[in-house]
Amino acid sequence: MSLPAIHYNTYTQEIKHPKPWQLDEHGEPNVNEFVISDPCYYIKDSDWGDFCDVWNAATKGQGYGSNIVKWKGFDLVIQSTGGDGSWSYTGLGHKDWHCGGTTHCADTASICCIPFALCDTNPLEDYVGKGIIGHTDYGMKDYPEITCEGAYTGVGEPFAIDGIVQDGYTLCCGNYVDDDQFEWCDSGSCEGCWSCFDCDCEGDGQ
Ligand SMILES: [Zn+2]
Ligand SMILES: [Zn+2]
């Protein structure tokens, strides 16, 4: 019987004392499950101070935006959200890695793919609507990519997970525009964003 391949390419050290829920059916650490969330909801409380020190150092060295934070053998990609908020994605059902959850939120203005192995609790058991749960056999480098699709100015920026832009934004004139900011004319037949809206049905009808 051959064991499934465990992808150690992202490990620089092994996790010494995995919790039972971190083991797969062969007793090996399962590093393939992850939750997309603000790390503050899932990193152990007892580790949080040290984690922030490493994270801050990475931010200083790499600049603002997307940072690689080396933590307990993982290269975590922590993406700044610019501000706190919540994001939802109804299109994730089409992704074969998606196991549960369609929303994430941020209290430290950040979002990250966090392996279950780093979580304080089992996200599946303690799931309270914070995060998107997935599973991949491809290893950390192929975890879903989270990208800012806006001008990166702060709260309300649209984000995409593997290219799926969060709900409520539509691409118009080369930018993702909040659906609330589309305009319609009185007849309802012309629509556009603030940049392109133009009613050309003036004089029609009444
Ligand atoms: Zn437009
Ligand atoms: Zn019109």
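Which residues touch the most other members of the largest nonpolar core? They are Phe-34, Val-35, Ile-36, Ile-114 and Leu-118, out of 30 residues in that core. This is a predicted model, in which local features need pLDDT of at least 70 and side-chain atom pairs count only at pLDDT 80 or more, while totals for chains, interfaces and linings use all residues. Residues are numbered from 1 along each chain as its sequence is written, and chains are lettered from A and ligands numbered from 1 in the order in which they are written.

**The chain as a whole**
- You'll find 1 helix and 15 strands here; these are DSSP runs numbered from the N terminus, with H or I over at least four residues for helices and E over at least two for strands.
- Buried residues account for 29% of the 206 in the chain. Buried means 20 or more other C-beta atoms within 10 Å of a residue's own, exposed means 12 or fewer, and partly exposed is in between, with C-beta atoms placed from the backbone.
- Take the contacts between residues at least 6 apart in sequence: 58% of them link residues at least 24 apart. A contact here means that two C-beta atoms, placed from the backbone, lie within 7 Å.

**The core**
- A nonpolar core is a set of buried Ala, Val, Leu, Ile, Met, Phe, Trp, Tyr and Cys residues joined through C-beta atoms within 7 Å.
- In the largest one, Phe-34 and Leu-118 are among the residues that touch the most other members. The elements giving two or more residues to this core are β1 (33-37), β2 (66-71), β3 (74-80), β7 (110-115) and β10 (159-161), and β7 has the largest share, with 4 residues.
- Leaving out residues up to four places away in sequence, Leu-118 touches Ile-43, Trp-71, Lys-72 and Phe-74.

- An open sheet of 6 strands runs in the order β2-β3-β7-β1-β8-β5, with antiparallel pairing. Strands count as paired if DSSP finds at least two bridges between them.
- β2 and β5 (98-100) are at the edges with a single partner strand each, so one side of each has no neighbour in the sheet.
- Inside this sheet, β1 pairs with β8 (132-135) over 4 bridges, and Phe-34 sits opposite Gly-134.
- Helix α1 packs on the sheet by touching β2 and β3, and its direction makes about 140° with that of β2. Such angles run from 0 to 180 degrees between N-to-C directions, using lines fitted to C-alpha atoms, for helices over the stretch in contact.
- α1 covers residues 45-62 and bends by about 25° at Phe-51; the bend is the angle between axes fitted to the seven residues ending there and the seven starting there.
- Just after α1, Gly-63 has a positive phi of about 90°.

**Other strands**
- A second open sheet has 3 strands, in the order β9-β10-β11 and with antiparallel pairing.
- β9 and β10 share 3 bridges, and Cys-148 stands opposite Phe-159 in β10.
- β6 (103-106) has His-104 and Ala-106 on its covered face, and Thr-103 and Cys-105 on the uncovered one. In a regular strand, side chains alternate between the two faces of the sheet.
- β4 (85-88) runs antiparallel to β6, joined by 4 bridges, and Trp-87 has His-104 as its bridge partner.

- Most residues other than glycine have a negative phi.
- Ala-109, in the loop between β6 and β7, has a positive phi near 55°.
- Cys-173, in the loop between β12 and β13, also has a positive phi near 55°. Cys-173 is exposed, with 11 other C-beta atoms within 10 Å.

Note on methods
The expected span of a helix is 1.5 Å times one less than its number of residues.
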